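Let's take a walk through this fold, strand pairing to start with, then rings, charges and a bit of surface. Keep the viewer open as you read.

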Amino acid sequence: HLRETAQINSTIIKLNEFVDWDIGEQIVIASTAPDPTQAEEAFIKSVKNDAFGAVLTLDRKLNYTHASVVELIDGRMIEIRAEVGLLSRNIVIEGDISENNQLPVTDARADLFGGHIIVFPANKSLGLASARFENVEIRNMGQAFQLGRYAVHFHQLGDVLMNNSESYVKNCAIHHTFNRAITAHATDNMLFEKNVAYNVLGHTYFIEDGVETNNTFRQTKFLQLFG
């Protein structure tokens with residue numbers, strides 16, 4: 001989170017925690033305005049940690065102000081701070097990156113058709129399917145308005161602990177996707193932790209049927225969704 005409000009035209013943001021991010025990596029800063037499209041992407045030009053957290057210099061000026069304030073509301077201190085997420089990872093899985101295949105849709109030629117990852121067992125009772133994603137960047141994935149063609153889709157794995165097929169998604173960045181970010185369908189006891197989902201068409205984290213149980217979403221971020 002920001003520890004100080006980042007003003008329009010600023011090239012420096014201050015975070016309330018330490019980071020190990022590198023120069024050249026891409027970040028996103030959440031909108032704190034009613035308009036969610038005021039989320040902004042930038043690349044890190046320099047990074048240093050001071051006594052209170054990280055100080056990042058960006059490669060461009062901010063187009064909007066991003067708030068970091070504490071307000072007293074109904075007798076309670078409420079923190080309103082823009083989240084900052086890291087989009088870059090060393091391992092990248094990506095779909096169509098053509099210029100006309102982007103969100104929000106500004107080109108009638110955009111087909112919003114990317115790749116998709118689906119994990120499912122050939123025999124559900126055997127529970128032989130598993131997938132573990134950690135520190136992966138997944139972008140331009142998913143196929144718009146197509147059932148089951150989500151960016152990352154765990155399909156009918158059942159109880160992943162009982163079937164000895166532990167699966168999880170940790171510390172991943174899933175962004176610029178055309179059909180949700182992560183879907184758990186008839187899948188239980190999954191762990192989704194410290195992930196960033198940004199610029200997503202549809203739900204970010206989707207529990208498909210409502211019968212899924214004991215799935216844990218911990219320290220996750222989601223920014224700028226398109227319905």
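## Parallel strands

Start with I138, which sits opposite I174 in β14. That contact belongs to a parallel pairing of β11 with strand β14 (residues 173-177), held by three bridges. Bear in mind while browsing that this is a predicted model.

β11 has another parallel partner: strand β8 (residues 91-94) is joined to β11 by four bridges. To find that pairing in the viewer, look for V92, which faces E137 in β11.

## Aromatic pairs

On to the rings: there are five aromatic pairs in the structure. One of them is Y150 with F206, an edge-to-face arrangement with 6.2 Å centre to centre and 75° between the planes. The two residues are 56 apart in the chain, with Y150 in the loop between β11 (136-139) and β12 (152-159) and F206 in strand β18 (residues 205-207), so by the strand assignment this pair links distant parts of the chain. Y150 and F206 are both buried.

F154 and F192 make up another edge-to-face pair, at 6.2 Å centre to centre and with 65° between the planes. Here, too, distant parts of the chain are linked: F154 belongs to strand β12 and F192 to strand β16 (residues 191-193), 38 residues apart. F154 counts as buried because its relative accessible area is 0%, and F192 is buried as well, because its value is 0%; the cut-off for buried is under 20%.

## Charges over rings

R180 lies over the face of F206, 3.8 Å from the ring centre. F206 is also the edge-to-face partner of Y150.

The other case is K170, which lies over the face of Y168 at 4.2 Å from the ring centre.

M77 is part of strand β6 (residues 76-81). Is M77 buried or exposed? M77 is exposed, because its relative accessibility is 56% and the cut-off for exposed is over 50%.

How values were computed
Residues numbered from 1 in each chain as written. Predicted model: local features only at pLDDT ≥ 70, side-chain atom pairs only at ≥ 80, totals over all residues. Heavy atoms only, no water. Phe/Tyr/Trp six-rings, centres within 6.5 Å; stacked < 30°, edge-to-face > 60°. Buried < 20%, exposed > 50% of the residue type's maximum accessible area, 1.4 Å probe, protein only. Lys NZ or Arg CZ within 6 Å of the ring centre and 35° of its normal. Pairing = 2+ DSSP bridges.
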